Amino acid sequence: MAAFCGLLGVPASALADTASEIKALKAELKRLEAKVAQQAKDHAQVKNALNSAKAAPGTSAPPPVFVSFRNGLFVETEDQDFSFKLGGHIQADGGFASSADTISRSNVGFRRARIEVDGKAFKNWYYKLQYDFTGSGVAGIRDFFVAYREKFLPPEISAEPVTIQIGNFREPFSLEATESSRYFVFIERSLPSVLSPSRHTGAAVGVGDKQWSVKAGIFSTSPQDTATAPPTGEAQYWDAAVRGVYAPITEEDKLLHLGGSFKYHKPNDTTAATDAANLRPGQSPEREETDVLGGGGALTRVSAAQDLSCGASAASLNITTTGAGQLIAPFARRSSCLKYSYNYGFEAAAAYGPVSLQAEYIAAQYERDFTNALIFGNGGGTSLRYSGYYVLGSLFLTGESRAASYKGYDKDFNTPGSFGEVQIKNPLNKGGLGAWEFAARYSELNLNNGGLVDSGFVYAATVAGNAAQKALANTATLGGRQDNLTLALNWYPVKGVRFQANWTKTLTLVAPSDRPYLNGDRPSLFLARAQIYW
């Protein structure tokens, strides 16, 4: 052979190389054949085991599962009847302020540190368990619910299933209040968000499709309430809330969203000691724009002395009996000043390419018993009204669109008609710059209502007035009025990671009645956040 190759002019070294390559290919072929044979054997064993399980009386074969580690641990059966996802998010904040009469001059801390489990079982049952470690005990509970979904409606109305939801979750009210904190354009919600309900325990029904949704429910106490039990001998408060949205335009880079919300609140003789979010407007467990520098009501909120139930933040409206009264009852009941209240709001959002706009108006109306309010010296009269609004604009410098992150009922039955994760066009891990967003927001909150005298008289009478002057001052509720301008710069380098910087300037501050020293103050705040979620 070597001689023959020599006659053809083929070098002997080339012949040796070809022979070794053929030998290596044959060895690789044998290895692959053995691997295929082993896989076939394993497949046959699994198939036999499944067939045996199916054949065995009273048993069923376990379905194959799909496992993914992309943005959290996700497990799902092949038939999609069962799923399980382990996720969470951490937000570390820091900032400083130009003045600090009621807030910290500077501070750092964890705003949220949450872990959650969600998924479905037996095709139609959905669940979510979420806990925030920045709280403690029951106060750390966030979303904790189970939902049943079934296609009860004809396809002409909706192709999506109706949702029946029970547990602890956000009341259907307001676009901003419904949206998850992990997707905020700004570090904190706007000022009027304190007039929106938070998560409460209750039941709700939701219907909708890609472009519309309606969700309504009945709710009661919240793990974030000042206290989760009503006063002794009394019933817990309850809410009835509904939100409807319609999005006639839902394209990849174009969006038009419209919506409205309504909430009715029955206090049932609770006081701000148990339900401060409703009975002291502004004193919400959800922080305002001061973030880590101060809690809810850091600058504007109805004072404890003007608790709208006339309880002055007492644990109960009941009066303990003494002497012979103990033979009849342990306490005497007196009626609340508040008969009922209701909140309503209107919302709109639009996006065209990288530009988007969003606005909301929210108001709260309190209807009270005039006689009780007069007897207990609680001001404002029979009808009190508080309100606020915000307008924001956003521009993605790298070409993304908020329209692409919009979630209709077809994508999210829990918070339909809200915004989700930004769809990054060129993430950092693929050689891009990530997504860069610039935004501006103007927001106002007005917690002043009525009165026979101006705010200056109220401040003076509250501090050093006589009984008559304080009575005049109490003809109003002076919770304050605040106007803020906030500028934001956000960077989304990769999926699940975000860095934010906010500068907020208080343009107007009319102080609450018990904080006259804040009147005319115009603090500036700088806040920054690093967030990771999975």
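Predicted model: local features only at pLDDT ≥ 70, side-chain atom pairs only at ≥ 80, totals over all residues.
**Overall make-up**

I started with the secondary structure of the protein, which comes to seven helices and 22 strands. Then I looked up burial: of the 534 residues, 47% count as buried. For the surface I noted an accessible area of about 24700 Å², with 63% of that belonging to carbon and sulfur atoms. I also checked contacts between residues at least 6 apart in sequence, and 65% of these join residues at least 24 apart.

**Cores**

Next I went to the largest nonpolar core, which has 16 residues. I wrote down the ones with the most contacts inside it: Leu-195, Leu-308, Tyr-366, Leu-384, Tyr-386, Leu-445 and Leu-447. Which elements each supply at least two residues of this core? I found α4 (272–279), β15 (355–368), β16 (383–396) and β19 (435–450). The largest share is three residues, and β15 provides it. Apart from this core I found another, of ten residues, including Leu-299, Ala-461, Val-510 and Leu-518.

I then picked Leu-447 and listed what it touches, leaving out residues up to four places away in sequence. Among its partners are Leu-195 and Tyr-386, along with Pro-281, Gly-282, Thr-300, Arg-301 and Val-302. Leu-447 also touches the run Thr-477, Leu-478, Gly-479 and Gly-480.

**Leu-478**

That list sent me to Leu-478, which I placed in strand β20 (residues 476–492). Buried or exposed, I wondered about Leu-478? Leu-478 counts as buried because its relative accessibility is 7%, and the cut-off for buried is under 20%. I also looked at Leu-478 against Pro-512: they are 34 residues apart in sequence, yet 5.3 Å apart in space, C-alpha to C-alpha.

**Largest pocket**

Last, I turned to the largest pocket and noted a volume of about 1500 Å³. I have 48 residues lining it, and the closest to its centre are Lys-85, Asp-118, Tyr-183, Lys-411 and Asp-412. How does the lining divide into nonpolar, polar and charged residues? I got eleven nonpolar, 16 polar and 21 charged.

For the strands behind that lining, I listed those that each supply at least two residues: β1 (65–68), β2 (73–77), β3 (83–97), β4 (106–121), β5 (125–132), β6 (141–150) and β17 (406–407). The largest share of the lining, five residues, I traced to β4.

Definitions and conventions
Residues numbered from 1 in each chain as written. Heavy atoms only, no water. Core = buried A, V, L, I, M, F, W, Y, C linked by side-chain atoms within 4.5 Å. Buried < 20%, exposed > 50% of the residue type's maximum accessible area, 1.4 Å probe, protein only. Helix = DSSP H or I, 4+ residues; strand = E, 2+ residues; numbered from the N terminus. Contact = heavy atoms within 4.5 Å. 1 Å grid on protein atoms, 1.4 Å probe; cavity = no way out; pocket = protein on both sides within 12 Å on 5 of 7 lines; lining within 4 Å. Points joined across faces, edges and corners; volume = space filled by probe spheres on them. Nonpolar A, V, L, I, M, F, W, Y, C, P; charged D, E, K, R; others polar. Areas by Shrake-Rupley, 256 points an atom, 1.4 Å probe, with all protein chains shown as cover.
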